[in-house]
Amino acid sequence: MEEFPSMFGFSVSHTTRAPREKEQDGVHYHFTERSIMEKAINDMKFLEFASVHGNLYGTSVEAVEVVADVGKRCILDIDVQGARSVRASPLEAIFIFVSPPSFEELEQRLRARGTETEEQDQKRLRNARIELDQGKSPSLFDHVLINDDLESCYAKLKELLGLAKDGISFHTSFPESVELPRVHAISKIKQKVLISCSQEQDESSNKMFVLDLSTLKGGALGRTRGLRFHSIESSKAPTNGIINMLL
Ligand SMILES: Nc1ncnc2c1ncn2[C@@H]1O[C@H](COP(=O)(O)OP(=O)(O)OP(=O)(O)O)[C@@H](O)[C@H]1O
Ligand SMILES: Nc1nc2c(ncn2[C@@H]2O[C@H](COP(=O)(O)O)[C@@H](O)[C@H]2O)c(=O)[nH]1
């Protein structure tokens with residue numbers, strides 16, 4: 001997110017666990033009382049939730065909307081149970097299991113983090129064994145990333161998301177609005193609407209706008225992932241963007 005701030009946003013989860021020393025409410029988590037979170041879950045305000053290491057954690061609809069509303073792709077850092085719930089939902093997502101290089105390394109890192117009591121560490125390690133096993137499930141996770149060396153793990157993540165520097169090009173800005181000329185033709189091929197415009201002064205310069213309707217499904221409940229569009233012009237590189245839509 002630091003490298004691609006206009007592309008990705010973090011979904012700030014709710015949790016009933018106590019904040020760690022440097023954690024800020026509303027930034028790392030929304031720290032909350034169990035009774036308040038349970039009521040919100042009953043009121044259908046959560047996309048998914050799970051009991052993890054003895055505390056409740058969950059992704060609220062609002063947490064995802066805050067990110068989607070500004071046209072960004074939402075990143076969820078959730079446990080395997082949460083991944084299973086999202087997988088079973090109509091949301092379209094890429095599921096990546098980030099695995100430690102070994103159980104021993106995980107234990108070392110957890111202890112070196114020094115945030116938990118011995119009892120909590122033991123519980124987290126027991127749960128980690130189960131998660132490591134479930135992380136191998138190809139029906140749940142699209143990719144497994146081995147978090148050995150942080151830099152190379154991040155490079156692999158960018159590669160599989162098509163963000164590598166020499167990979168697919170991407171654009172971080174897009175026009176707020178598009179003005180169509182008086183003369184234009186509209187056609188539809190599968191899930192794409194094509195708007196073809198010829199410039200009145202210069203017929204050799206044709207421009208085409210492509211609206212990708214396939215992205216209209218799969219956003220937060222009652223919303224869309226945004227209507228993706230790009231323009232194609234003979235002399236210019238394509239510009240990509242997302243127009244957010246409320247259904
Ligand atoms: N590639 C890495 N090399 C060295 N240390 C790492 C690496 N990745 C993470 N760590 C360290 O391991 C510790 C645990 O990482 P992190 O806090 O991200 O774990 P987590 O997956 O959120 O675990 P938990 O689910 O228990 O919270 C942290 O202190 C982090 O700095
Ligand atoms: N199902 C969900 N799991 C979540 C969510 N937010 C975090 N998590 C997972 O909980 C554990 C522990 O996190 P920690 O911050 O206490 O170390 C970790 O595996 C997270 O991925 C959530 O909203 N839903």
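In the predicted model, ligand 2 is surrounded by 17 residues, of which Ser13, Arg17, Tyr29, Glu48 and Tyr57 are the closest. Sorted by class, this shell consists of 7 charged, 5 polar and 5 nonpolar residues. Two strands, E4 (46–52) and E5 (55–60), each contribute at least two residues to the shell.

An N or O atom in the side chain of Ser13 is 2.6 Å from an oxygen atom of ligand 2. For Arg17, the distance between a polar side-chain atom and an oxygen atom of ligand 2 is likewise 2.6 Å. Glu48 faces a nitrogen atom of the ligand instead, with a polar side-chain atom at 2.7 Å. Of the 510 Å² that ligand 2 exposes when taken alone, the protein buries 90%.

The second largest pocket has a volume of about 250 Å³. Its lining comprises 15 residues, and those closest to the pocket centre are His30, Ser60, Glu62, Ala63 and Val66. Helix H2 (61–68) and strand E1 (8–10) each supply at least two residues of this lining. The greatest contribution comes from H2, which provides 4 residues. By class, the lining of the second largest pocket contains 8 nonpolar, 4 polar and 3 charged residues, whereas the shell around ligand 2 has 5 nonpolar, 5 polar and 7 charged residues.

Definitions and conventions. Residues are numbered from 1 along each chain as its sequence is written. Chains are lettered from A and ligands numbered from 1 in the order in which they are written. This is a predicted model: local features need pLDDT of at least 70, side-chain atom pairs count only at pLDDT 80 or more; totals for chains, interfaces and linings use all residues. Side-chain values use heavy atoms; hydrogens and water are left out. A residue is near a molecule or strand if one of its heavy atoms lies within 4 Å of it. A polar contact is a pair of N or O atoms within 3.5 Å; within protein, one must be able to donate a hydrogen and the other to accept it, and residues adjacent in sequence count only if both atoms are side-chain atoms. Accessible areas come from the Shrake-Rupley method with a 1.4 Å probe; for residues, only the protein chains shown count as cover. Ala, Val, Leu, Ile, Met, Phe, Trp, Tyr, Cys and Pro count as nonpolar, Asp, Glu, Lys and Arg as charged, and the others, Gly among them, as polar. On a 1 Å grid over the protein atoms alone, a cavity is a set of points where a 1.4 Å probe fits but cannot get out, and a pocket is an open set with protein on both sides within 12 Å along at least five of seven lines; lining residues have an atom within 4 Å of a point. Grid points are joined across faces, edges and corners, and a volume is the space filled by probe spheres set on the points.
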